[in-house]
Amino acid sequence: MQRIISNNFIYDLQSGILRNILKYVKSDTTLAMEIRKDCINIYYRGGSLLKVKEVGENIYNGYFDKNYIKAENSQSVVVECISGINNLSKANKLIEYIPKIKQQMDLWMKIEMPDGGEREYKHIVAKENNYGLIGKESDYFIGDIEYRGCLNNYLFDMIGIKWPVENENTDNLDLALFKMYYGDKNLKSSKEIINDIYNMANFFENDDNLNLLKQDLIEIYKAKTMLGLLYPYKELKIGFSDKIEIVYIFGNQSDENQVLKNTLIEIKSSKEYEEMSKFIDIKVAKAAFMGYGLYEKNIIDLDEAIKML
């Protein structure tokens, strides 16, 4: 089985030419590192700040998303940061660009996404459940945000595992997949959400798809724990049970939102939900005293969510 990123890549991040990049990400709580095929993505406010891709043995290219560049600011922005990174000096040069790229992303988001947008809040959910004391005590870990992997055009907002605090066995964890709708304006219609459920059902009917997704998560968790990006901050090998949870996060919705209530009622009454719920638990996350920590007791079924509204 080919790894998500190579042993050389992991070594270079741990103690080789990329070590200061990893150290920088760990020291900056506004950043998150996601692991993709042959590359790492460093996220800021939910957007991809930098991509570092392995292009040869101990050789890397660094990229910045050109879409964040506003035409009036193009003269002061790094577009493709650095290519042929094969020594510590070049890697450190890449780090020097990060504050400038952050500023450019802030300018773009102020214009295009003044409320932060869903992506920023996905980043917050992942950060809160993966790092520090909150992450250690929550019952879910997020392996990746905006994962595509083996999904082709279908996108889960976040993929991860359910790992209750009291469970010390990591060989039999439940797969947890997340969809997020932040604020009233991003809430989809019941028809759109039911269509999503239909697409998910088609995906899960193919055992190869599910096995690839689980294998990607196994590799992601192994790499992230080796790099000290996830608790317990040392190499962790995980395995999966047959259980799957799909968790909907309706961020910053009023508990008197009649539209959301009607949407959930229509979803619950659909034949797609009926079929899917035979082999997958479909849940809704409720807030844990204002925060985004995901605790098992606050992950509720649709009936309970409807009663809250």
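Before anything else, the pairing rule: two strands pair if DSSP finds at least two bridges between them. Strands (E, at least two residues) and helices (H or I, at least four) are DSSP runs numbered from the N terminus. This is a predicted model, in which local features need pLDDT of at least 70, side-chain atom pairs count only at pLDDT 80 or more, and totals for chains, interfaces and linings use all residues. Residues are numbered from 1 along each chain as its sequence is written, and side-chain values use heavy atoms, with hydrogens and water left out.

Start with the five-strand sheet. It is open, antiparallel in its pairing, and ordered S1-S2-S3-S4-S5, with 5 strands. At its edges are S1 (31-36) and S5 (82-85), each of which pairs on one side only. On average, neighbours in this sheet are turned by 20° against each other, direction ignored. Angles here come from axes, meaning lines fitted to C-alpha atoms (for helices, over the stretch in contact), and run from 0 to 180 degrees between N-to-C directions.

Which residue of S5 is the bridge partner of glycine 62? That is isoleucine 82. S4, residues 59-63, and S5 are joined by 2 bridges in the antiparallel sense.

Now the other sheet. Its 6 strands run in the order S6-S7-S8-S9-S10-S11; the sheet is open and the pairing mixed. S6 (140-147) and S11 (299-301) are the edge strands with a single partner strand each, so one side of each has no neighbour in the sheet.

Phenylalanine 178 is opposite valine 247 in S9. Helix H7, residues 207-226, packs on the sheet and touches S6, S7 (156-162), S8 and S9. The direction of H7 makes about 115° with that of S6. Contact, by the way, means heavy atoms within 4.5 Å.

Last, the helix pair. H6 (residues 190-205) packs with H8 (residues 258-269) at an angle of about 40°, the axes being 9 Å apart. That makes H6 oblique to H8; under 35 degrees counts as roughly parallel, over 145 as roughly antiparallel, 65 to 115 as roughly perpendicular, and the rest as oblique. From H6, the contact is made by Ser190, Ile193, Ile194 and Ile197; from H8, by Thr263, Glu266 and Ile267.
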